Amino acid sequence: MESVTHHSVSARTIRRRLQQSGLTTRRSLLGLPLTQNHRSLHRQWCDERRMWAAEWNEVVFTDESRICLQYHDRRIRVRRHRGDMMLKSCVIHRHSGPALGIMVWGSIGYHSRTPLVRIAGTLNSQRYISEVLESVVLPYLQGLATAIFQQDNARPHVTRIVQMFFVNHKIELLPWTSRSPDVLPIENMWSMVAQRLTQITPPASTADQLWQRVEAAWSAVPQEHIQSLFESLPRCVAAVISNNDVYSGY
């Protein structure tokens, strides 16, 4: 490589100088683009819960996730200083899209978790009620003294019949703002599941084999790891407020 001074500079020398200045190569953070409205609602949501502590332990966090046969190895790396993970230049925005794999639904609480539900095809509101809410959520919530149910704003979750289901069964809902994965601890749970899957070789060759592995990985995550995610939520909310509505870093 030739510098602007027309002197030859090796890539090794450049890497060494960058490391000496504190810039080390790191994996880029995956994040979702946020509009100003997203930021404002995200900040308002955190402001309203900035004093929560033990209250978080009553929340049941839920989510659907697509688990693919092929995993993103995150080989694209960035150079940054320590503490610069949240800078826009160090974040790769990702968008969901079709991929060969399976869709699963799960939920986590402070003391326990539900079994996973494998979702075949398109999940509509009626299937959400029959396959998830009636079959899994109701029995789970009935075993808890108190619970606040969290779900995102996906279309099957917010239809009138689903909202009436919650009213009829007296299920308290946690208001949710779109594109808020950094205050959704189940996102970290999916990451722990994926990490366990990547350690199994060879990779799953069929959707059924992948499902068996996902179920086993979900069950194998220690509950204390989930509890640590809940315990980090007050710090996460404070970080969102401190970072002026951008990603919390959790």
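Rings of Phe, Tyr and Trp (its six-membered ring) count as a pair if their centres lie within 6.5 Å, with planes under 30 degrees apart called stacked, over 60 edge-to-face and the rest tilted. By this rule the count comes to eight aromatic pairs.

Before you start clicking, note that this is a predicted model, where local features need pLDDT of at least 70 and side-chain atom pairs count only at pLDDT 80 or more, while totals for chains, interfaces and linings use all residues. Residues are numbered from 1 along each chain as its sequence is written, and side-chain values use heavy atoms, with hydrogens and water left out.

First, select Trp45 and Trp176. Trp45 sits in helix α2 and Trp176 in the loop between β9 (173-174) and α6 (185-198), 131 residues apart; helices (H or I, at least four residues) and strands (E, at least two) are DSSP runs, numbered from the N terminus. Trp45 is buried at 3% relative accessible area, where buried means under 20%, exposed over 50% and partly exposed in between (1.4 Å probe, protein chains only). Trp176 is also buried, at 12%.

Next, pick Phe61 and Phe230, another edge-to-face pair, with 5.5 Å between centres and 65° between planes. Phe61 belongs to strand β3 (residues 59-68) and Phe230 to helix α8, so the pair ties together parts 169 residues apart in sequence. Phe61 is buried at 0%, and Phe230 is buried at 1%.
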